[in-house]
Each structure stands twice: as structure tokens, then as C-alpha cells.
Amino acid sequence: MIKVRTEEEIALLRENALIVSRTLAEVGRSIAPGVKTKDLDALAAEFIRDNGAQPGFLGYGGYPYSLCISVNEYVVHGFPSDYELKEGDIVSVDCGTVYKGYYGDSAYTFGCGELSAADQALLDTTKASLFKGIEAARAGSRTGDIGFAVQSYCEERGYSVVRELVGHGIGRNMHESPEVPNYGRRGHGVKLPEGSVICIEPMINQGVKDVYLDDDGWGVYTADHKKSAHFEMTVVVRKGAAERLTTFDFIENNK
Ligand code: MF3
Ligand code: CO
């Protein structure tokens, strides 16, 4: 069952979404060559708590950190570590919060220093595909419409779509129904009711779509070790057009 949220619940989800959005911007400002990814995790945990929320990922299904930091060929669920970022890395930062019983979830892939043109294009395409997916999310449309929008945009540009991980509903749990795949067929899948809240999160690869699970049981990396990007937003399904609860404005416009 897909839950329809009251405006009161949406207000709480929005508060979470803004904390997550601000946290990602804080982390982004600290990304530079030589910075350890575990230091970004500590910074995020502190920032989230300073804002009255709790890290949403910490302890979730046994996950041991506040952020997922997935560098280069890592797709998602990378553990923060002693790894020192270097110029040219692409760094997916996925952040969740829980506040007043509700969850927030968003991800952004940052460049560390100057990126190659090919890597910048991967980031640009993945982010643009998220916005295509959001455009396809409106009351009465189906999860397949979102998946089709993301997949066709990326595949037309020569990228591949990870199949093993999908977007999701969000509310009192981080992962609720429906599943929101980044691939699919128009007119197929679950119908989205007005007032439902979902996370759309394309994971897009430069090379093959296949991925492997790391020995740590969490990290997901591309089978060919080519790079992968990940952007995620939480949105409310409305009539006509979805309402974004998360924002990249704090990251991109230095708000
Ligand atoms: N943001 C991820 C998602 O959308 C959640 C990370 S899973 C966790 O599914 F276990 F690390 F929390
Ligand atoms: Co998510």
C-alpha cells in the first residue's frame, strides 16, 4: 500500500528534507584533495545533531555510519574510511535523517577539484535524469513512467542504469512502498496517488550496468570499475507536477 500523507506529515518530511539538504551542502564545502571520507561522516553527524535530528542511516539495517560515501566506481553504500580524496574523484554523498518520527533522504555526487570532461558529463547527465524522473512523477502517473524517463535519457547518451537498487517511498520508515526503479516502461508499474512521498534516485554508470557487492557486505561497485554517479531527491506527488522537498540550492547557490 502506498501511503498518502497529510499536509502535517508533509511539513515534517519537509523539515527533514531541508536538514538533509543543508547537511549535503556542508559536506560538499569540505570535499577537497587530502580529506578523509570518514571526516566527512563525522562532520555530517555533528551537523545533523546540531539541527535537532538524528542520522537516519546510522544503525539502519546494521549500517555503521551516518553517510554513504561512494567514490568513483562505487555506486552506493560506500563506507566512510581513511581513504583520502584526490583531485578528479567523483564522490557520491548519500544522507538521511530522522526527526520527529519521519525520515529525509537525499544524495548528490560532487567532484573533488577539477573533473575530466567525461566525468563531468556523467554527473550532469545523472542529475538531469533525476529531474526527468521528477517531471514524470505526478498524481496518476506510474512508477514505470519515472523509470522510463530516467532510463531513456541516460541510455540515449550512452550510459547504463543500475538495476539492483531502486528509489522508494519514504515516511515513518526510510524505505516504504512503492519501489521506484530507474528503468521501466511507460504506463507500467504502480500508480502514484496524490500526496504520496517518494525518493527518486538514479544510479548511472559510464560503462556496463552490472554491479558487485563489496566484501564489507554494503558497498556496491561497477563490474567494469568504470565510474558511477548518484543523485537523489525526496518529492511529494502532486497534481500536475511533483513538489520537491529536498533542494540542491544550498549546494549549488551557496545558500
Ligand atoms: N539513501 C539510501 C537509499 O535511498 C539509504 C542508504 S541505506 C543505509 O536507499 F542502510 F545505509 F541507510
Ligand atoms: Co533513498
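Modeller: Here come a few questions and answers about this model, which is a predicted one.

Biologist: Which pocket does ligand 1 sit in?

Modeller: Let's begin with the surroundings: 13 residues surround ligand 1, and the closest include His168 and His175. As for the site itself, ligand 1 sits in the largest pocket.

Biologist: How much of ligand 1 does the protein bury?

Modeller: A nitrogen atom of ligand 1 is 2.6 Å from a side-chain N or O atom of Asp94, and a nitrogen atom is 2.9 Å from one in the side chain of Asp105. On Glu201, a side-chain N or O atom is 2.6 Å from an oxygen atom of the ligand. Taken alone, ligand 1 exposes 330 Å², and the share of this that the protein buries is 95%.

Biologist: Which parts does the aromatic pair of Tyr108 and Phe248 tie together?

Modeller: The whole structure has 12 aromatic pairs. In this one, the ring centres are 4.9 Å apart with 80° between the planes, and over 60 counts as edge-to-face. Because Tyr108 lies in strand S5 and Phe248 in a loop, the pair ties together parts 140 residues apart in sequence: strand S5 (residues 102-111) and the loop between strand S15 (243-244) and helix H5 (249-252).

Biologist: Is the peptide bond from Ser177 to Pro178 cis or trans?

Modeller: Most peptide bonds are trans. Pro178 is found in strand S8, residues 176-180. With omega near 5°, the bond from Ser177 to Pro178 is cis.

Biologist: What is phi of Lys100 near?

Modeller: Most residues other than glycine have a negative phi. Lys100 is found in the loop between strand S4 (90-99) and S5. Its phi is positive, near 50°.

Technical notes. Residues numbered from 1 in each chain as written. Chains lettered and ligands numbered in written order. Predicted model: local features only at pLDDT ≥ 70, side-chain atom pairs only at ≥ 80, totals over all residues. Heavy atoms only, no water. Near = heavy atom within 4 Å. Polar contact = N/O pair within 3.5 Å; in protein donor to acceptor, adjacent residues only side chain to side chain. Areas by Shrake-Rupley, 256 points an atom, 1.4 Å probe, with all protein chains shown as cover. 1 Å grid on protein atoms, 1.4 Å probe; cavity = no way out; pocket = protein on both sides within 12 Å on 5 of 7 lines; lining within 4 Å. Sits in = over half its atoms within 2 Å of the grid points. Phe/Tyr/Trp six-rings, centres within 6.5 Å; stacked < 30°, edge-to-face > 60°. Helix = DSSP H or I, 4+ residues; strand = E, 2+ residues; numbered from the N terminus.
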